[in-house]
Amino acid sequence: MSNLAWVRRQRSVQRFWRDFRTHKAGMTGLVVLAVAVVLALVAPLFIDSGVTNVVSGTGAKLAPPSWDYPLGTDESGRSVLLMIWWGSRTSLLIGFLAALLSMVIGTVLGIAAGHFRGWAGAIVLRVTDWFLVLPSLVTALVLAAILGGSTATIIIAIGVTSWPSTARLIRAQTLAVEARPYIERSLALGAGHWHITTRHVLPNVAPLLLASTTLEVASAIVTESTLAFLGVSANKTSWGTMLRGSYDWGAATAGAWWYILIPGLCIVAVVMAFTLCGRALETVLNPRLRTRAAR
Amino acid sequence: MTVVIEAAPARHGLLRYAATKAGGALLSIAMVVVATFFLFRMLPGDPVRALAVGRNMTPEQLDLERARLGLDKSIPEQFLHFVGQTLRFDLGTSYEYKRPVLDLIGERIGPTLLLTGTALVLAVSLGIWQGARAGWKPGSRFDRFSTAISLVLWSVPTFWLGLLLLMVFAAGIGPIPGLFPTRGISSVDAPDGFGYVLDVAQHMVLPCLTLVAVVYAQYLLVMRSSVLDEVEQDYITTARAKGLKDDDIRRRHAVPNALLPTVTLVFMRIGFVVGGAVTVEAIFSWPGLGQLFYEAIRVPDFTLMQGTFLLITVSVILMNTLADVIYHVLDPRVRSV
């Protein structure tokens, strides 16, 4: 029995991969992502946090790209290339963890709102709608400012303000799943809340959740950089804090284009990669969209 | 299975709907007030000490400050006091400016309305126009171009786009001279009358452009997909069968129907625009609410932060409620559900 389920699952993964490979944009995104993640992971093998140390900058201030400093230097003579490389770790880490937090909250509350009828579900839905209306960036700024800027609080600030759209998506999906006859059969056999939600609803919403998480990472990275730019951030080098530095030191008026252009391009590249991946996942996993794309 | 046929009491139903929505909005606002109170009491350590950082204050002065803020009272008493003050629109006194927060907000609200209002009108018109054209012929070159543009703009952080524009058009780069001012709403030596209007307009170009670019992408995508939905409808086929011109079908049949979800979305996502406005105002030193909020965070001036946060969230909630009710009035399909 379980062997049969296993084979079926394996087959559906294979089918999914075959479908996904046909999406050129999605594959491009996936490759860019893989490169970015691998680079971030292997960074400690080559450099350490010393490259972000203000006093250890060896180059001239705001020097344009040269052989020694391929992407120029910042206001303290640090290499922009190495800072970008090291900073990618913070940006990606916060992006992934914030998206994960947002997904966990969104999934738990979304399933709860869809599964429990009556006042419990209504209250969860009401709270979700309330969070959905709040201007998320403004709320995240206030949260980060109050909790103080450490990596953990930035993750919390982003996660706590970005889950409601996931919760709504998951709730709608939960309602759809629970309307199917096999849930009724399961109930008749004596299944409880826990069994229904974890064994039937969760596996059914999981694919959509994957697509939604991928898109969520993209927006979490943008939010992180915005929070850092607006001055509430962990005091660690990230792409956002670098851009903050470029603004504070007047890189725009000094004509130091490399200091502004490069960190921003990194953000755009990674965010677009996540977005393309997420959209491709959505198209592959959502049958309704698939038929539309085929036409 | 029983089929329930509901009588549609048109006027009466609308009033009841509006009342329910207004009640919901009041509840949301109450939740915002409560959340704000507890959020700002979560500040680590002694708020007065945190506020007094960098200022020379004796212990007596600190005690006096505590009594003035009501921090020597119990939490429930503080809460009632806070609610009473908020109901009387008393948002406290800013530490940084030594002035009532409400006065500061009053001064800053004009520039913000000017900037976001202009940007919204431009973004909505452009987004709807381009989205309608793109959705009408899915897969066309125009459609692919529009989708690509909006995907890129979607991925670009607002502040970075602002920085780029600042670098290229305000500071000037290479052969391009600085065309627009880098900061503020008007020059020091701005002339009166019409000259002043021109001066402000020149200052507004870059912030407005940034804001439009960031928000218009999502309007475009929504308009595109809702036109796409309409294209498949029977009435479009009927219109074609009648021999109407393609442009006429789009303009007079598809677009008006597709407009509804888009316009509602504009109101629904107003929180997103507010976030963009904060960023844009911070970069271009536009003397509006967003910049006030940004300064409050930089200092940090918690009374000012609390006041602006309350105002921003409450206005966003009101806009959303308004959108709900307008949607209900405009779209009979929602009413019958």
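The model is predicted: local features need pLDDT of at least 70, side-chain atom pairs count only at pLDDT 80 or more, and totals for chains, interfaces and linings use all residues. Residues are numbered from 1 along each chain as its sequence is written, with chains lettered from A and ligands numbered from 1 in the order in which they are written.

**Annotated spans.** Go to 25-47 of chain A: 96% helix, 0% strand, end C-alpha atoms 32 Å apart. Then 92-118 of chain A: 89% helix, 0% strand, ends 40 Å apart by C-alpha. Helices are DSSP runs (H or I, at least four residues), and strands are E runs of at least two.

**Core.** Select L141(A) and L163(B). Within the largest nonpolar core, of 145 residues, these two touch the most other members. Helix α12 (residues 257-285) of chain A gives this core its largest share, 17 residues. Such a core joins buried Ala, Val, Leu, Ile, Met, Phe, Trp, Tyr and Cys residues through C-beta atoms within 7 Å; buried means 20 or more other C-beta atoms within 10 Å.

Stay on L163(B). Beyond neighbours within four places in sequence, L163(B) contacts L243(A), Y247(A), A252(A), I260(A) and I283(B). Contact means C-beta atoms, placed from the backbone, within 7 Å.

**Between chains.** Chain A puts 33 residues into the contact and chain B 38. On the side of chain A that touches chain B, α12(A) supplies the largest share, eight residues.

How values were computed: Buried ≥ 20, exposed ≤ 12 C-beta atoms within 10 Å, placed from the backbone. Contact = placed C-beta atoms within 7 Å.
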